[in-house]
Amino acid sequence: SRCQYLVDKALASCPKVKFMKEALLKLGVRSDVDFIQCAHCPEGAAAAGGYLPDQRTVVLCQQWVAKAPGEVENTIVHEMVHAYDDARAHLNWHDLTQHACTEIRSANLSGDCSFTRELDRGNINPTKLAGQGQRCVRRRAQLSVSMHPGCPDAETARDAVDRAWASCYPDTAPFDQHATHKA
């Protein structure tokens, strides 16, 4: 399928995906062919994919990949950061603050909030360029936490992100720096 082709291509040629694969291997996480799977997600799913901690796998939604093939590499890196965080910190996925931490890190390190992606989304305000990346990371983390089944509302998601922000935003492991720089 097209989705599997794009996954295989990212695993073979994307430097950030290859870097994350090596980082996961150092933590003892298998990242073989079955680590990233393509699946048909329920209609109306609000996410492009996800990390399934119980199965220790990444799933990409086939129908999303068909619409946004250029986003596959960043999405894989985003989900691999979740896998990395789970392996190194043994996350409690029911704890909204821990979930917020990995969402902050994933949005920050995957390239989700690059200037170009934010420009494409129409989220760049020319009068407020300073701090745009941090606003994006915070917004995307809050959105992800708000989709958590245990999160009752947007205010609770915002509070979880606020609690995690100071320690999780500066944490760029396994990268040496933020996603705006090369791995």
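Let's begin at C151, which counts as buried because its relative accessibility is 9%. Here buried means under 20% relative accessible area, exposed means over 50%, and partly exposed lies in between (1.4 Å probe, protein chains only). C14 also counts as buried, at 7% relative accessibility.

Before going on, note that this is a predicted model, in which local features need pLDDT of at least 70, side-chain atom pairs count only at pLDDT 80 or more, and totals for chains, interfaces and linings use all residues. Residues are numbered from 1 along each chain as its sequence is written, and side-chain values use heavy atoms, leaving out hydrogens and water.

Now for the sulfur links. A disulfide is a covalent bond between the sulfur atoms of two cysteines. In this model, a pair of cysteine sulfur atoms within 2.5 Å is taken as a disulfide, and a search of the whole structure finds four. Counting bonded cysteines along the chain, the pattern is 1-2, 3-4, 5-8, 6-7.

Take C3 and C38, joined with an S to S distance of 2.1 Å. C3 lies in helix 1 and C38 in strand 1 (residues 36-39), so this pair ties together parts that are 35 residues apart in sequence. Helices (H or I, at least four residues) and strands (E, at least two) are DSSP runs, numbered from the N terminus. The link of C3 and C38 is left-handed, with -85° about the S-S bond, and both C3 and C38 are buried.

Next come C41 and C61, whose sulfurs are 2.0 Å apart in a disulfide. The torsion about their S-S bond is about -90°, so this disulfide is left-handed. It links distant parts of the chain, 20 residues apart: C41 is in the loop between strand 1 and strand 2 (49-52), and C61 is in strand 3 (residues 57-61). C41 is buried, with a relative accessible area of 10%, and C61 counts as buried at 4%.

Finally, where do helix 1 (residues 2-13) and helix 2 (residues 15-26) meet, and at what angle do they cross? Their axes, lines fitted to C-alpha atoms over the stretch in contact, with angles from 0 to 180 degrees between N-to-C directions, come within 6 Å and cross at roughly 75°. The helices are therefore roughly perpendicular (angles of 65 to 115 degrees; under 35 is roughly parallel, over 145 roughly antiparallel, and the rest oblique). A10, L11, A12 and S13 of helix 1 make the contact with P15, V17, K18 and K21 of helix 2, where contact means heavy atoms within 4.5 Å.
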